[in-house]
Amino acid sequence: MALHLYTIPAVRSFADALAGGLIDRYGGDPLGLARGLVLLPNNRARRAVTDAFVRASGGGLLLPRLVAIGDVEAAEGVGALLEPAGAEAVPPAVAPLHRRMVLARLVGEERRRAGAPVDAAEAVRLAGDLARTLDQLLVEEIAPHRLRDLELAPELSAHWQRNLALFELLLDRWPDELARIGCVDLATRRAILLDRVATRWRGEPPPGFVCAAGITDAAPAVARLLRCVAGLTRGSVVLAGLGIDLDQEEWDAIGPFVPDSVTGRARRPSETHPQYHLKRLLDRMGVARGEFAVWRDRTGPRSTPARAKAIASAFAPAELTGRWTDLPAEQRRLSGVALAEFATAADEAQGIALALRETLETLERTAALVTPDRALARRVAAHCRRWGIDIDDTAGRPLSILPPGTLLTAIAEAAAQRFAPLALLALVKHPLVRAGDRRLRWLDGARALDRALRGPRPAAGLGGIDAHLADRSGRDKQVRAAAAAWWPEARILLEPVAEHFDDRPRPLAALAACLREAAQELAGDEAWTGPAGRAAAELLADLEAQPDGPAEVDPANLAQLLVTLMDEVAIRPPQGGHPRLAIYGLIEARLQSADLMILAGLNEGVWPGGGAPDPWLAPRLRADLGLAGLDARVGVAAHDLAQGLGAPAVLLTRSRRDARSPALASRFWLRLEALAGDRFDRADDLVGWVHALDDAGEPQPAARPAPMPHASLRPKAIAVTEVDRLKADPYAFYARRILRLSPLDAVDADPSAAWRGTAVHDVLQRWAQEDDCALEKLRPRAAAMIADERTHPLLRALWWPRLAEAIDWTAAEMARLQAEGRDVLAVEGSGEAELAGVTLTGRFDRIDRLPGGGLGIVDYKTGKPPSARAVAEGFSLQLGLLGHIAAAGGFGHVDGEPGAFEYWSLARNRQGGFGYRESPCDPDGKRDKVVTSEFVTLAQASFAETARRWLTGEEAFVAKLHPEYVPYADYDQLMRQDEWYGRE
C-alpha cells in the first residue's frame with residue numbers, strides 16, 4: 001500500500017506551503033477544499049493555517065475543516081469532528097481541576113498515613129506533578145501495574161523508593177475514584193477516540209481528502225492514526241522540518257539503540273537532538289525516513305539551502321561535531337542570521353523593540369518575536385507602547401499576575417497574616433478595589449492608613465489596627481486621627497474575611513466562597529470583568545463546587561494554593577492583534593512565519609528551559625518503563641529553534657545577565673557560534689541604538705549642596721537634640737526644619753535602636769510617674785512592655801535577657817544612690833531658655849537632687865554614650881545645654897545649679913554584665929575630659945557660635961560638613977551624595 005508522506009523544510013513557511021499545496025491539489029473543484037479535513041496539533045495551529053489560506057486564496061474560499069487532535073499537556077481535547085466516531089460509548093473525560101483536587105486529597109491522605117503531613121497547597125502542587133506523570137504513562141500506553149515489575153537498583157535512594165511506593169498507592173486508588181465519578185482520563189479518552197476514528201477510516205474512508213499536518217506528538221494512538229491517514233487514497237501526512245537530508249550516520253546516532261547483550265541495557269538515545277521526537281514518531285508509524293518527499297506547492301523557500309545545511313550541522317550529535325572543520329565555508333555560513341548580545345535583560349528588551357519598530361518602516365514587512373521568556377515578552381510589549389505600537393503576547397499571561405488574580409491573592413494573604421500592615425495595605429491599595437468614582441476618596445484614606453502604620457507592627461487582627469489608630473500618645477497623633485476617620489469604611493468590608501480566616505482549617509469551598517464575597521464587596525463587578533475576571537470567577541466557582549478535593553485547608557496556605565492553580569491558567573488576548581507584528585511563545589510559534597523572526601532569550605535555563613524534575617519517578621525508572629527522558633524537552637526546543645532559523649531574516653538575542661546574576665549562553669547559541677565562527681553577522685548597530693536611545697550625554701555630577709536661605713527664613717528655636725545635626729550636617733537640618741521634610745519609617749519595620757530607646761524611656765517614665773520609683777516595680781514594668789503583643793517574638797527572645805539584667809542594675813544603682821542621699825527630683829520634663837538670640841528647648845529623662853543640693857542631669861541610653869573626643873570637638877553637648885536650661889529656670893519647679901551630668905547606659909559593661917554610668921565631664925578634668933564646672937559654659941559658647949553661623953547669620957547649610965559625626969543617612973538621597981561625596 002502506497003503511503004503519502006511529506007515534509008516541509010524549515011526554510012519554507014510551513015503554514016503557507018501547506019495551504020498553497022492543498023489549493024494546488026484540491027482547489028480546482030469549488031467544493032474540493034470544503035470536503036477536506038486537515039488535522040493539526042492544536043488550536044493555535046488552526047489559526048495559523050486559516051490565516052495562510054486567506055493569504056493564499058486571493059479571494060473567496062471555502063476552507064476545509066481544521067481539527068485539532070490535541071496535546072494532553074496543553075489541555076487540548078480531540079476535535080469536535082471526531083466525537084461521533086463511537087463517542088457515545090466512551091465515558092466523559094474528568095475535568096482537569098476535578099482530577100487535580102482528587103489527586104491532592106489522595107496525596108494528603110497517603111502522606112499523613114505515612115507519618116509525613118503535607119499542607120493543602122503542597123498537596124495541590126504535588127498533585128499537578130502526579131497528573132503530568134500519570135498522563136505520560138497513559139499517553140505512552142504504559143500500564144501502571146508495570147511499576148511493580150521494576151527491579152529497584154541498590155543505588156536508588158531511599159527518597160525515590162518512598163516516592164515510588166506512594167506513587168503505586170495513588171495509582172491503585174485513582175481508578176476507583178474514576179469509576180466512582182463515572183469518568184476516564186483525558187489521555188485515555190483521546191486514545192480511544194483516535195483509534196476508533198482510524199478503524200472507521202480504514203473501512204470507510206472520508207469522502208474528501210485528509211491531511212495531517214505539523215503534528216509532532218509521538219503518542220502511539222497518534223502514530224496509528226497518522227499511519228492510517230498516510231495510507232488513505234486521498235490522505236497525506238506532512239511533517240515540519242524532518243531531516244531527510246541528514247546522512248545515515250547522523251540519523252543512526254540519534255537512537256534508539258539495541259540493548260547490550262551482556263547488561264541488557266541500551267545506550268541512551270540523543271534526546272536533545274531536534275530530530276529525536278520526529279524519529280520516534282516515524283518508528284511508531286512504522287515508516288522510514290526515505291519514504292518522505294518534499295511537499296510541493298506554489299511558495300518558494302524563505303532562505304537558502306546552504307543555511308538549512310548549516311542549521312542541520314549545528315545540531316548534530318556531539319560525537320559528530322568534529323566534522324565541522326571539514327565543512328566548506330558556504331556550509332558553515334548562516335547568511336541572513338544576525339546575533340545581538342546585550343548586557344542586561346532590559347537592554348535586550350529595548351533592542352528587540354527597536355528591531356520590531358524598524359520593521360514597520362518597510363511596507364508590508366512583518367516581524368515576530370519568539371521566546372519562552374514571558375517576562376521578556378512583556379517588557380518588549382511595554383517598550384513598543386512608547387511608540388503607540390500595541391502587540392499582544394499570544395502565549396498569554398498567567399492569571400496569578402493579572403489584577404483579578406492578584407486581588408484574590410491579596411485578600412487571602414491579608415487574612416492569613418491577620419491583617420499585618422504590608423498585606424493589609426497591598427489589599428486596600430489594589431487597583432480594582434473601589435474602582436470608579438469612589439477610587440480617589442478611597443485612596444486618600446488608604447494613604448492615611450499607610451502613614452499611620454509606619455514603624456513597628458501593631459497587634460494582630462482588625463482589633464490590633466483599631467487599638468493602634470486609637471493610640472494618640474505618639475508624635476503622629478494627627479496622622480492616626482485621619483486614618484481612624486476612614487478606617488471604619490474599610491473595616492466593615494474586611495470583617496467577614498477575618499471571621500472565616502482564623503487558625504482553624506476550613507473546607508476549601510467555604511474559603512473560596514468567602515474570597516468571592518470579599519472580592520465582590522471590595523471591587524464589585526470590576527473583579528469579574530474581562531477575560532481575566534471571568535477566568536477568576538470560573539476558578540472560584542469550580543473550587544466551590546469541588547466535592548472530592550482536600551477535606552480542609554489551612555487558611556494560611558490558601559494564597560499559595562491559589563497561586564499554584566492560577567499560574568497554570570493562561571489568559572490569552574482576543575483574536576486580532578497587530579497586523580504586522582506578533583509575539584509568540586514556542587508552542588504558538590509553530591507553523592507561524594514572518595519576514596523577520598527574532599528568537600530571543602537564548603540563555604541556558606530559558607531556551608532550552610531548565611524544566612522541573614519529575615518528583616515521582618527517578619530517571620532510571622523512567623528509562624526502564626520506556627518513558628522519554630526529561631531531556632526530550634531540550635530536543636523539542638531545538639526543533640523549534642531550527643524551524644525559526646528558516647525565516648528570511650533572523651535575529652538571535654541574549655543578555656549576559658538576568659535579573660539576579662550573570663547568565664550562561666544557551667547551548668544552542670554556543671553551537672551556532674562554534675559552527676559559524678566569524679562568519680556570523682553581529683547586530684552591533686542595534687546594540688548601539690539601545691545605548692543611544694536613552695543616553696543623557698556626559699553625566700554632570702551635582703555640586704555639593706549648600707543652600708543659603710535668608711536669615712528671616714531660618715528658625716529661631718531649636719531643640720537640644722538638633723544641635724549636633726546642625727553642626728555636623730547643616731543640610732540635613734535645613735531639609736528637616738526649613739523644608740519640613742521628615743523621613744518616614746518603613747511599614748511593618750523591625751524594631752530599631754530608636755524604637756528600643758523610646759520603649760525603655762516609656763518604661764522608666766511610667767515607673768517614676770505611676771510607681772513613684774518603687775524599686776520592686778521596675779522589673780514588672782519592663783516585663784509588661786516585653787510581653788506586649790506588638791513586640792516581635794524574636795526581639796522578645798533576644799532582647800529581654802539583656803534588658804532584664806540592665807533593669808536590675810538600674811534599680812540597684814538607684815537604691816545605692818538613694819542610700820547616699822541622692823533623690824529623684826523630676827522625670828521626663830521639658831523646658832526652654834534663651835541663648836544667643838535663639839530659643840533653646842529641651843527634654844530631660846531625669847533630674848536628681850544631689851546630696852550637696854545641686855542638680856544631677858541624667859540621660860538614659862540603650863547603646864553606647866558619646867565619647868570624650870566628641871565632647872572635646874564641640875559635639876554631644878546635649879547634657880550641657882540641658883544644664884543651661886535648668887540653671888536658667890527653664891524647667892519650672894526644678895531649680896538649682898547643675899553639678900553632675902551622667903549617661904545611664906543599659907548596654908554591656910566592662911565586667912561583662914549590662915548597665916553602667918558614664919559622664920562626659922570630670923570634676924577635676926581627668927582623662928582628657930572637660931571639667932564639670934565648665935561643662936555648661938563650654939556648651940553655651942559652642943551653641944552661641946553655632947547659632948551665629950546658621951540661625952541668626954547667613955552661613956550656607958553645607959552638606960556633610962563633619963561626616964564623622966553624622967550617624968544618619970535620612971537625607972543622603974535628597975542631597976545626591978553619591979554624585980559629589982569624595983570628589984571635592
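User: Why are helices H17 and H18 called roughly antiparallel?

Analyst: In this predicted model, the axes of H17 (residues 477-500) and H18 cross at roughly 170 degrees and come within 9 Å. Angles over 145 degrees count as roughly antiparallel, and H17 and H18 are therefore described in that way.

User: Which residues of H17 and H18 meet, and how do they divide into nonpolar, polar and charged?

Analyst: From H17, Leu493, Pro496, Val497 and His500 meet Ala510, Leu511, Cys514, Ala518, Glu521 and Leu522 of H18. The residues of this contact divide into 8 nonpolar, 1 polar and 1 charged.

User: What makes H13 and H18 roughly perpendicular?

Analyst: Helix H13 (residues 403-416) packs with H18 (residues 508-523) at an angle of about 110 degrees, their axes being 10 Å apart. The range for roughly perpendicular is 65 to 115 degrees, so the term applies to H13 and H18. Leu407, Leu408, Ile411 and Ala412 of H13 make the contact with Leu515, Ala518, Ala519, Leu522 and Ala523 of H18. This contact of H13 with H18 comprises 9 nonpolar residues, no polar and no charged ones.

User: How do you know on which side of H12 its buried residues lie?

Analyst: In H12 (residues 374-384), Arg374, Leu376, Ala377, Val380, Ala381 and Cys384 are buried. These residues cover an arc of only 155 degrees around the axis, which puts them on the same side of H12. The buried residues of H12 pack against helix H11 (345-359), strand E8 (367-370) and strand E11 (581-584).

Conventions
Residues are numbered from 1 along each chain as its sequence is written. This is a predicted model: local features need pLDDT of at least 70, side-chain atom pairs count only at pLDDT 80 or more; totals for chains, interfaces and linings use all residues. Side-chain values use heavy atoms; hydrogens and water are left out. Buried means under 20% relative accessible area, exposed over 50%, partly exposed in between (1.4 Å probe, protein chains only). Helices (H or I, at least four residues) and strands (E, at least two) are DSSP runs, numbered from the N terminus. The arc is that of the directions from the helix axis to the C-beta atoms. Contact means heavy atoms within 4.5 Å. Axes are lines fitted to C-alpha atoms, for helices over the stretch in contact, and angles run from 0 to 180 degrees between N-to-C directions. Angles under 35 degrees count as roughly parallel, over 145 as roughly antiparallel, 65 to 115 as roughly perpendicular and the rest as oblique. Ala, Val, Leu, Ile, Met, Phe, Trp, Tyr, Cys and Pro count as nonpolar, Asp, Glu, Lys and Arg as charged, and the others, Gly among them, as polar.
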